[in-house]
Amino acid sequence: MPFHPNTGVAPAACVASPPRAPLAFHAALPGYRPTPLRPLPELAGRLGLGGLWVKDESRRLGLPAFKVLGASWAVARLLAQRLGIDEGAGDPGGGPTPDLEALKAALRPHLPLTLLAATDGNHGRAVARVAAWLGLGARIFVPAGTAPARIAAIAGEGADVEGVDGGYDRAVARAAQQSDARHLLVQDGGAGGGEPVPQWVAEGYLTLFWEVEDQLRAAGEALPDLALVQLGVGALAQASVMAWRRPGLSRPPRLVGVEPDSAACVLAALAAGAPVPLPGEQHSVMAGLNCGTASAVAFPWLRAGLDGVVTVRDELALEAMRLLAQAGVESGETGAAGLAGLLELLEGSGSREARERLDLDADSRVLLLSTEGATDPQHWRLIVGQGARPANG
């Protein structure tokens, strides 16, 4: 069955208090506003649910994905620490960080500096955008087969883009090899478990979940009964666990991670009890989830906080893109993976068992995350319909 319950889930082990400082930091950035939380009543009816929402990340601080939340907070924390001006070093989660203009001024005597990252598209573009904000260089490493439109978008931010002969994990290794005192690695996964940058990236993603809470509260709604979260190396799902397994939270949502069936590195880690590399290279159409090894930084959170993992076929992600487009939501292959996971859970071969295990019925309320818009506009049009146009293209 594509749904795999996490037999080691232990929410009581998630004891850290998640910081709200990233939300305040992002709110001070030019152009900030919360991304929409959109109801999907027709899909809710089809799936026999009481409510269904999607957090639409197709427009986030001028970029077509949520990744800039993690990149901006992690870079600000990294640079503030490097410059000795980390105002919140003693606070849980790091506390307040100097704004970007203050960092930019403080950095001038220390230039040149270059930010490094490996990416299938969105994270690298976000790192490049933050580098441009701060007057830094950016060198982004992309695996073989990365869509030309995504490479062009990264280069359009002023970054140097270097192709790597191999998959995402090889690009990550190449970026790490290039890091030194003037080339700072900003990666959303960690191999050893103690690296601060992947932790800061996950903290940056907390803004998304604080926004969801505020938006639901404003609508007179409680937290959802179930949230589906795209996995990749695990940083976004780590943020969901940090937010919604926090002590004292009443009726926390059940959390299910979503992975391609051909790139299920978190599922492999849960089975092995530690991150393990998948054999070969991963080639799912869900490029942002095409990861071969789960983050060691995220893994303890995922092991303790996820209720399970659902794996999905590429074809189902494409169908989810079309369904979201019909509902007025522009979503790329990775962005639509959450809906694909829900379709697998509720309409797939193991749907009866999945509904029972997750206690889903006609009153249940579910949250999806559409983590990106049409990051490859031509491919998006081919999938959802030749006459369609992405809102940013």
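I call a residue buried under 20% relative accessible area, exposed over 50% and partly exposed in between, using a 1.4 Å probe and protein chains only. The model is predicted, so I kept local features at pLDDT of at least 70 and side-chain atom pairs at pLDDT 80 or more, while totals for chains, interfaces and linings use all residues. Numbering runs from 1 along each chain as its sequence is written, and side-chain values use heavy atoms, without hydrogens and water.

**Aromatic pairs.** I found three aromatic pairs. Rings of Phe, Tyr and Trp (its six-membered ring) pair if their centres lie within 6.5 Å; planes under 30 degrees apart are stacked, over 60 edge-to-face, and the rest tilted.

**F25 and W73.** I noted ring centres 5.5 Å apart and planes at 65°, so this pair is edge-to-face. F25 is in helix α1 (residues 21-27) and W73 in helix α3 (residues 68-83), so the pair links parts 48 residues apart in sequence. Helices here are DSSP runs (H or I, at least four residues), numbered from the N terminus. F25 is buried at 7% relative accessible area, and W73 is buried at 0%.

**F209 and W244.** This pair is edge-to-face too, at 5.2 Å centre to centre with 80° between the planes. It joins helix α8 (residues 196-218), which holds F209, to helix α9 (residues 235-244), which holds W244; the two parts are 35 residues apart in sequence. F209 is buried at 0% relative accessibility, and W244 is buried at 0% as well.

**A charge over a ring.** I also checked R20, which lies over the face of W210, 4.8 Å from the ring centre. For this, NZ of Lys or CZ of Arg must be within 6 Å of the ring centre and within 35 degrees of the ring normal.
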